[in-house]
Amino acid sequence: MNDGSRTLEEIENIALGRQMLVLSQEEKRATAQAHAFLCDAINQRRRIYGVTTGYGPLATTDVDPKQSALLQQNLVYHLCSGVGEPLAHTQVRAMMVARVASLVRGHSGANPLLIERLLAWLEADVVPEVPSRGTVGASGDLTPLAHLARALSGEGRVSLRGGRWIDSAEAHRQLGWEPLVLQGKDAIALVNGTSTTAGIAALNATAAQRAVKLSALLVLLYSELLGGHREAFHPRIGKLRPHPGQQQLHQWLWSLSATSDALIPWRPVSEQLPEMPSDITQHRPLPQDAYTLRCAPQALGAVWDVVEQHAQTVRIELEAVTDNPLLFADDGLVLHGGNFFGQHLAFASDHLNNALIQMALYSERRIARITDPLKNKGLPAFMQPLETGLHSGFMGAQVSATALVAELRSHAMPASIQSIPTNADNQDIVPLGTIAARRASTSLEQLYQILAIEALVLVQGAELKNTHALSHASQAFCHWVRDFIRPLEQDRPLSEDITQLSQLLADPDHVAPLMALLDTAPQESA
C-alpha cells in the first residue's frame, strides 16, 4: 500500500481488524505540506470557507482566526444530530479508512496530528458511536463524520475492541491519550466528505463480488441436481453477446462443469430425429432447461457487470479528495467547489441494490423449483427423505426465502432520486448516497441469508443423489458446508443454522476456499 492506492480487499481487511493502515512517505509529506500552507493562509487572514467564515448560508459571516477552535467545535456540535441505531463496527472502521485516504492526498489541510490519531484509533480498535441516520450526503456525510469528530475531541461514546459503549473521555484516559482540539480546518476536513458512503460502499463491493461467485457455485450444483444441459454454459454463446459479465459466467460455469457426470453432456453434433410412424412424436425430452438453469450466465452475468461497475466507482472515490475548500500548496491556490457531492456513489449504490435484489430472486426461484416434487426430477418434497409429511424438511426455510425477497423488493425504490432541498436552500439538490449505500448493505445481509438457505437445500439434495457424479467444485462446496452444518434428517429449528451459514458465507476468510474454486478454474477450450 505504499503507493497510496488501497484495494477494496485491503480496506475490507482493515475494517475487519485483520490488517493495519500504513501511510506512504509521500502521503505524510503531502499532508504536512498542505497543513503548512493552510497555516500560512490563516496567518495572512485569507477568507477561506469554513476556516475564517461561517458555514452553509451563514458563510456571509467572517470569523477572526483567533476563534478557530471554537468555530471548528461548533461545526461538530451543530452537526451531531444523527439518530437511529449505530452503524456497524466494520462500517465505522471503513469510514475512518476512507476519510484518512482522502485527507492524506494533500489537498485538505488537516493537521498531521489528526491523521496520526485516526491511525492510532484504527490500530487500537477505538470505534465511535455513529448514528446511522441523518445525512443527505450533499456536503458529504456531515452528520456521521461529525460524530467521529466529536469522539476524537473526547465527547460522545466509543467502543474499545468491540466492547460496550463507554464515554470517549474515559477511553482516552484508559489509553493515556489527550483528546484532540480541532482547529484550523480540522473539523471541516473531517466532516466535509463522502467517506461514510464510500466506506460502506467499499464493504458492499467486496461482499457483492463474493455473492455472485457463490451464486455461480450454487447454480452449478442446482443444475447438476436437476440433470441440466451443460450446453447452456458454452462460452461460444457468450462470444456472440460480449457483455464481460456474461462471458465471465460462461467461463466459470463451463470450466467448473467439465468434471461433472451429473449434467447432460454437450455434443457438437445434434441428435438425429428417430423414424416416426406419423408426422409428429410427442412427449420427447426437452432439449433445453428452465431459465434458472439455461439463462444463468445471462442473469448472473448482468449482475456481475453491475457489481464491477459499482466496485470501480468506489475505487475512484477512494482515491479522491472530497472535501471543500481544496488546497493546492504548490500553486498557492484555495479553490471552493463541490467534490463532497456524493452523486456517483448514490447512483452506483442504487444500481447495485437492484442487482442484489434480482440475485436474491434468482436464488429464491431455484429454492422453489428444487424443493417442488413436481419439478425437481425425483427428489423428495422439500428435501425431506424420511417420513415425508410427518417431517416437513425445508418447507419453512423456503417460505423464509420468499419473505426475504418480498421485503427486499419493498426496499427497491432508489434513494438517489429522492432529493429534498435543505440548509435554507443552500443545499438545493442532495444525492442521498449514504441511504443508498446503507440500503445495499441491508440487502446484502438478506441476500446472504437466502443463499444460506439455498446452500442447505442443495447440499441436502446432493447427499440424496450420487455425489460422486457431481463436479469437483460441487463436491468441494458440499464438503465445505458440512464442515459447519449437519444434515437435516428429522425436523429441527433451522434459524440458527441459516444465521450461522449466512455469516460464514459472508466472511472473506471462511469463504476463501470456495472463492478459490472460481479464481483457479481452468480456462477450458470449447
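Predicted model: local features only at pLDDT ≥ 70, side-chain atom pairs only at ≥ 80, totals over all residues.
**Largest pocket**

I started with the volume: the largest pocket holds about 810 Å³ of space. I then listed its lining and got 27 residues. Nearest the centre I found A88, T90, Q91, S441 and E445.

Next I looked up which elements give two or more residues to this lining, and I noted β1 (83-86), α4 (89-103), α9 (195-225), α16 (433-464) and α18 (495-506). Which of them gives the largest share? I have that down as α16, with seven residues.

I also sorted the lining of the largest pocket by class: eleven nonpolar, ten polar and six charged.

**Second largest pocket**

I got a volume of about 560 Å³ for this one. Its lining has 16 residues, and H229, S270, E271, L286 and P287 lie nearest the centre. By class I wrote down nine nonpolar, three polar and four charged residues for the second largest pocket.

**The sheet**

Then I turned to the strands. I traced an open sheet of three strands, in the order β2-β4-β5, with antiparallel pairing. Which strands sit at the edges? They are β2 (126-128) and β5 (165-167), each pairing on one side only. On average, I have neighbouring strands of this sheet turned by 45° against each other, ignoring direction.

I checked the pairing of β4 (residues 157-160) with β5 too: they run antiparallel, and three bridges join them. One bridge I looked up by residue: S159 has W165 in β5 as its partner.

Technical notes
Residues numbered from 1 in each chain as written. Heavy atoms only, no water. 1 Å grid on protein atoms, 1.4 Å probe; cavity = no way out; pocket = protein on both sides within 12 Å on 5 of 7 lines; lining within 4 Å. Points joined across faces, edges and corners; volume = space filled by probe spheres on them. Helix = DSSP H or I, 4+ residues; strand = E, 2+ residues; numbered from the N terminus. Nonpolar A, V, L, I, M, F, W, Y, C, P; charged D, E, K, R; others polar. Pairing = 2+ DSSP bridges. Axes fitted to C-alpha atoms, helices over the stretch in contact; angles between N-to-C directions.
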